[in-house]
Amino acid sequence: MEHHRHDVVVVGAGIAGLYAAMKAGESADVAVLSKIYPTRSHSGAAQGGCAAALGNETEDNWEWHFYDTVRGSDYLGDQDAQELLVKEAIPVMYEMEHLGVPFSRTPDGKIAQRKFGGHFGQFGKAPVQRSCYAADRTGHAQLHCLYEQSLKCGVRFYNEFLVVSLMIEDGVCHGVIALEIRTGMLHAFWARAVMLATGGYARAWKVTSNAHANTGDGLSLVLGHGIPLEDMEFVQFHPTGLYPIGILVSEAARGEGGYIFNKDGERFMKKYAEAKMELAPRDVVSRAETTEINEGRGIDGADYIHLDLTHLGADKILERLPQVHELVFKFAGVDCIKEPIPIRPTAHYSMGGIPTDLDTRVLLDGRETPVEGLYASGECACVSNHGANRLGTNSTLEAAVFGRRGGMAMAEFVKEKGPVVVGTAIPTQHVEDEVAHYRAHEGKERASVVRGELQDAMQNLCGVFRDEEKLSKLVAKIADLQERFEHVGLQDKSKVFNTELNELVELKHMLDFCEVIAKSALARQECRGAHWRTDFSGRDDEKWHKHTLAFKEKDGSLRFEYKPVVITKYPPEARKY
Amino acid sequence: MERQFKVFRYDPESSKKPYFQTYTVDVQKSWTILDALNAIKWEQDGSLSYRRSCRHGICGSCAMKINGKNELACELQVFTLKGVIKVEPLPGFEVLRDLVTDMDRFFGHIEAVKPWLIAGLSPTDKERLQSPEDRKKLDGLYECILCGACTSSCPSYWSNDDFLGPAALLKAARYCFDTRDEGFHERMDVLNSRNGLWRCHTIFNCVEACPKDLNPTEAIVRLRARLAAEKI
């Protein structure tokens, strides 16, 4: 095994990982490990924008953004984190402009801003233009800019390295072990600080907006070290996934004025969110769409509805939504200037994840005790900004704000502690054995079949609407798939670019965290945000206004604890749009 | 509907020379080439190796040569092609395995043009101002997904892979034509070097290859004009 030493190792190269690398790279020796080339990261698929109350187009201030984020989260977000998020949004957005992000502009040359679901002025009144955008390629523009800035800072990139293990001993993280995909060799990376920025995990669903790479690798890595996962039952379904494949049609389409219709040509959101209509938060719109479809009002009775932009006109569509126009044409053969777009909810974003404090330090007990030297930010982390439901444009914002905070915190920690010492007595042999075991996997099962059945089960049993019967079935199904995983055979025996091996490792991660999602969802007996139980009526603040913490015990079973939500300003109230 | 795919295979660990393997796939309507490759890998032959991630043309992972043309596998629909479909790795790059090529040199060339904003102090508590007209100058430049389809199609690059290539030069243009940037002189040595702007022979292969309909040749020509103007 080859050994490397850096002050800081960042795992994952999306907006969160790169912001952290760039910030830490100002003073420390930083390496980024990514299983794909950094610019391939899924942050680049973010389209509609990044929220900050700049007030460039309409009057705005961070307190309104704060209120919207709290309400959007169905009061499950931690308000200390949420306040930081919306306050720091403003300097961070300016910093990104200074770094070179090519934001669209207002006539007077400021960063352009558009409306988005769930964002309002005057504490929930009229929609406000808060989403800072670069046409509808905002994530792409930010991701490339941060990658380029990281190069400028001298960050060392190890591209196409798949992290397979964390070196944690006695509550201290000393680094990671990664598989070099190109050679099949294992490498140990010793570091004073490690940040997990491995992104989301909606690949576990059959219909998803997520990339193939989004397999939640960081989550099961920490779970195996006794670190809990927080609020995993909260997974967002985006209301406008392109039918049938589920890729994203930006919420910017509704922000710019798009309507959604059922088969009767009815703008049905008036029944579900009379005041805010299409600009209600995503959980509300996805439930409305699913109800319409379930009650037979999908287009032609099928399981999709229409997003209509035709009234916006060609000029506005081509200037503000060029990527939407390109995508729906290429993938659905629809010219959205002339005809409506077929859409349905698609698994999109993970609100839960690895519990951290405000400086992104991973919490061993999920509450207050950090693992020394281990950090997490972006979608794989749960600080918790988004609680039970995230607002559109708050995700790239979280990745930027908390990636940046994490980068600064790690640099500070390295300064304090000095460089890491290589080769403290951490056994690495078991990782070599584990990978050898994967390689030697023989059996009749195919990873693709097991994965396909998992995705079908998550889709049918853990979607927009859930109940005890479905979730119990899902728990049993996952146990069965975990057993079958042991009999999956590997056809590819090569060490060079063995992507079948990668998929096997990723499938193991997916089975691990899906078990946590299913059991967390079964345990939570209420409706809150994206977690909607049809066998319970409404939110139950008395019993369930608390975060889920799922721990993996030594015997492999899960143990649940709950911790209180941080309330600094807004106690739970009824949530109506 | 059954379709045949003739796919390039190579494993440096095996003693076999590179060869083509033919697979028959039951293709569904609206499938892309990537869907077909996935079906091969997941249902027939787990040893087939290729890169893929976003599957909607924004991450740039899956550029490959399909029926003789550089394409994104995730965007190209199977029904648009006739007969047996030939799938090969990007030309001009070293093949690591099957459809996977070495992209390190490509990304190294991107880095060589200093692809970051070079500018003086910015206002501390506000954004820099840029008019919508000035921002428009970046359209057609900033959308590049670094898939490599253009550089891989460039005969000048085939004959000399020290040539920065169309993707890196397009990236240089993205910064040089940003009205916020002051780094043209700092980049000039690289752009004006023997492996820079002048090695492009305006063959326009890159324009044809770009899956995002960008025009690297035009960007190169505009950079040359600027270089000439600045030198005078």
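1. In which sense do strand β19 (residues 546-552) of chain A and strand β20 (residues 558-564) of chain A pair, and over how many bridges? The pairing of β19(A) with β20(A) is antiparallel and runs over seven bridges. Two strands are taken to pair if DSSP finds at least two bridges between them; helices (H or I, at least four residues) and strands (E, at least two) are DSSP runs, numbered from the N terminus. Ala550(A) has Phe560(A) in β20(A) as its bridge partner. Five residues lie between the strands of this hairpin, and Gly556(A) takes a positive phi near 90° there.

2. A word on the basis of these values. The model is predicted, so local features need pLDDT of at least 70 and side-chain atom pairs count only at pLDDT 80 or more, while totals for chains, interfaces and linings use all residues. Residues are numbered from 1 along each chain as its sequence is written, chains are lettered from A and ligands numbered from 1 in the order in which they are written, and side-chain values use heavy atoms, with hydrogens and water left out.

3. An open sheet of chain A consists of four strands in the order β11-β14-β13-β12, with antiparallel pairing.

4. Another open sheet of chain A has three strands, in the order β3-β5-β4, and its pairing is antiparallel. Here β3 (50-51) and β4 (113-120) of chain A are the edge strands, pairing on one side only. Two bridges connect β3(A) with strand β5 (residues 127-132) of chain A, in the antiparallel sense. Ser131(A) in β5(A) is the bridge partner of Ala51(A).

5. Helix packing in chain A may be considered next. Helix α13 (residues 447-461) and helix α15 (residues 499-523) of chain A pack at about 25°, with axes 10 Å apart; axes are lines fitted to C-alpha atoms, for helices over the stretch in contact, and angles run from 0 to 180 degrees between N-to-C directions. The angle makes α13(A) roughly parallel to α15(A), since angles under 35 degrees count as roughly parallel, over 145 as roughly antiparallel, 65 to 115 as roughly perpendicular and the rest as oblique. The residues in contact (heavy atoms within 4.5 Å) include Leu454(A) and Met458(A) of α13(A) and Leu507(A) and Leu511(A) of α15(A). By class, this contact has 10 nonpolar, one polar and two charged residues; Ala, Val, Leu, Ile, Met, Phe, Trp, Tyr, Cys and Pro count as nonpolar, Asp, Glu, Lys and Arg as charged, and the others, Gly among them, as polar.

6. The axes of helix α2 (residues 62-72) and helix α3 (residues 79-99) of chain A come within 9 Å and cross at roughly 140°. These two helices, α2(A) and α3(A), are therefore oblique to each other. Among the residues that meet are Trp62(A) and Phe66(A) in α2(A) and Leu85(A) and Ile90(A) in α3(A). The contact of α2(A) with α3(A) comprises six nonpolar, four polar and two charged residues.

7. Most residues other than glycine have a negative phi, and most peptide bonds are trans. Tyr243(A) and Pro244(A) are joined by a cis peptide bond with omega of about 0°, and Pro244(A) lies in the loop between β11 and α6 (252-255) of chain A. A cis bond also runs from Val383(A) to Ser384(A), with omega near 5°. Met277(A), although not a glycine, has a positive phi of about 50°; Met277(A) is in the loop between α7 (269-272) and α8 (282-294) of chain A.

8. Finally, the interface: 67 residues of chain A are in contact with 66 residues of chain B. About 5,400 Å² is buried between the two chains, and carbon and sulfur atoms give 48% of it. Buried area is the accessible area (1.4 Å probe) that two parts lose on being put together, summed over both. Arg40(A), His98(A) and His212(A) supply 14% of the area that chain A buries against chain B, more than any other three residues.
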